[in-house]
Structure formats: C-alpha cells, structure tokens
Amino acid sequence: MDLFEEKIKPMLAFSSQPFDSEEWCFELKFDGTRCISYINTKEKSVKMLNRRMIFFENRYPELQEMWKDVKGEKVILDGEVVVFHQGKPDFYKLAEREHVESKTRIEFLSKLIPATYVVFDILYKDGKDLTQLPLIERKKILEETVTESSRVVISQYVIGKGIKFFEEVKKRGLEGIMAKKLDSPYLIGERSKLWLKIKALETLDVIIVGYTTGTGKRGELLGSLITACYHEGKLKYVGKIGTGFSEEQLAEILKKLEKIRTEKCPFEKIPDLKLPPGREPVWVEPKLVCEAKFMNLSKDLVMRAPVFVRLREDKLPEECEL
C-alpha cells in the first residue's frame, strides 16, 4: 500500500494540564484548520485534506505553490492552515476564508488575508512511510525537507519545559500548547495519550441540534443555538449559545440550519431550555459543529456563559464527545 494514494486521518490528542518532562516536546497549538498535505514536486501539485476527508486546496490558491518549498518528489505533511494577524493566529479571518464559494472572492481574499501552512510533522517521503519513526526523527527529516517561505513555516518546539512555555503562551493570549512524546510514532486516525493538548481557554466543539426563534432585533434571525455533545453514546444537551455572533454570521448560520430542519427532537427527553415567552425551539439534524468558549461546565455538564467562536466545518459531529 502506497500511503501517498491513501486518504489519511490525522493523529489526535487528549486534553491535559501543563507539565515538565525531558521525554516530551512542547509546541504552540495553532488556531487553524488541520490539514494533511500531499505534495508532488514533479507534477507541481498540492492536495490538501481536512478532517472531514474533503480536499479543499481550491480555497487557498496562495498555497498551491508549496511544492517549491519541498525537497523530495512526493511528500505528505501534517499541519494547520492559519491566517495570522499582527503575529497571532486569527480564527475570525480564517473563518472568512473557510466559507467562501465564489472563485473570484477566493482569489481576492487570498491576496487580502493570505493563509500560511504551519507544518509540524512529516508522514511520507519518496516512497517511504515515516509514521513508525520516533517523532524526534520525523522532526529532523521535516527540517531537512521543508524550506520556510511566505507560504510555509515549520512549527518550533521546546523540550522539557512545558509549564514555563505554557505560562508564556497564556500571557500572550494564545490558544494553548501541544505536548508530544519524543519517541511517539504517528498513529493514523487515532486519538492517543502520546500527544496532549493543553488549552489556555476552556473551549468545546459542540453539535448544533437546533435553535431558538429570535425576538426584537433578532426577530428575522435566530435567538440562540441549541447544542449537544455525545456522552456515554447518546446526545447530551450542553447549553444554548446566544452571544459572539455578528448579524452576518447569524444570517449565514440560519441559512445552513434551515436546510436541515426536522420535526424530531434529537434528545431522548427534551431538555429544560428555560425559554422566555414567545421563543420556540426549532430542531435540526445533528450535522453542523461549532466551537464555543465558556467559563466552566456545571455539575450536569452544561456550559456556563458560552460564547460562539466559529463554525467547525473541518470537524465531524461524532468527534464532539464530553
């Protein structure tokens, strides 16, 4: 089996608290879209696969010349597509790029808010499957293979000092860090404790299972999103999200939700939504995922003070587990 011909699901991480260990390396957790890139320098081609197993390179014409930054004929890289603003990843600007269909607008935005591919792993090079090599060896091969440019940067890492690194990242208002065991293989499609994500903010990817009708200024739009996660094999209500949207975002989300409306409530038992008079729930098929930030989870696993962050079209509903 030639890995270059396969659709690869990325290796995923568990959550953790910050720690120190000389057996681990620590790098920035980039707030972007996870992407496996298939680069063929002979054919001058770049294919980009997201977590939904969809090729989406047409959205990022500015990354189509990444083959120029690679030494080797056929290479598979793992990384994040990120839009930087004032030196920091900006997921709002990335979201603007993610939801554009028009070719003209894609071209325009590629010049106005260009994306960068931040690469942190190499899985294959010129016929060799590298996934079973220790991470630290893959990192060395990556540095020999990729030349940084305006299109591609290599994720930097520190060894051992996870706590200090995390505190610095938190101070700068960044999303968090990744901890990876230096001898870890790359486990395709697996969530493993050999990789850990350490977040500075409480965030959760949740499934949109419905929305409430709007009133006042939002009369024509929606009031809040009704959200859920899988818990013990079933959909569990995790809260209503009513803030964090622009009117433009609300209109765009409503358009998507209206296409998947259903009469059937997705929960075994309808949760107490605590709706004021005049507001009604509208149920939708559990297909769309969004990210929320919140204070903490209550005892009954409901988000306190959740705020909408962005739609996650790169995530599958079944990945949203408590």
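Lys164 and Lys171 are exposed on one side of helix H4, where exposed means over 50% relative accessible area, buried under 20% and partly exposed in between, with a 1.4 Å probe and protein chains only. The model is predicted: local features need pLDDT of at least 70 and side-chain atom pairs count only at pLDDT 80 or more, while totals for chains, interfaces and linings use all residues. Residues are numbered from 1 along each chain as its sequence is written, and side-chain values use heavy atoms, leaving out hydrogens and water.

H4 spans residues 162-171, and its buried residues are Gly162, Phe165, Phe166 and Val169. Seen down the helix axis, these buried residues fall within an arc of 100 degrees, so they line one face of H4; the arc is that of the directions from the helix axis to the C-beta atoms. An α-helix has 3.6 residues a turn, so residues three or four places apart point the same way. The cover over the buried residues of H4 includes strands S2 (21-28), S11 (157-160), S12 (176-181) and S13 (191-199). Helices (H or I, at least four residues) and strands (E, at least two) are DSSP runs numbered from the N terminus. After H4 comes Gly173, with a positive phi near 75 degrees.

Strand S15 (residues 222-231) is mostly covered, with eight of its 10 residues buried. Six bridges join S15 to the antiparallel strand S14 (residues 203-213), and Ile208 has Thr227 in S15 as its bridge partner. Seven bridges join S15 to S16 (residues 234-241), also antiparallel; here Leu225 is partnered by Ile241 in S16. S15 and S16 form a hairpin with two residues between them, and Glu232 in the turn has a positive phi of about 55 degrees.

S14 is also joined to S17 (residues 281-293), by nine bridges and antiparallel. The bridge partner of Asp205 in S17 is Glu291.

How values were computed
Pairing = 2+ DSSP bridges. Contact = heavy atoms within 4.5 Å.
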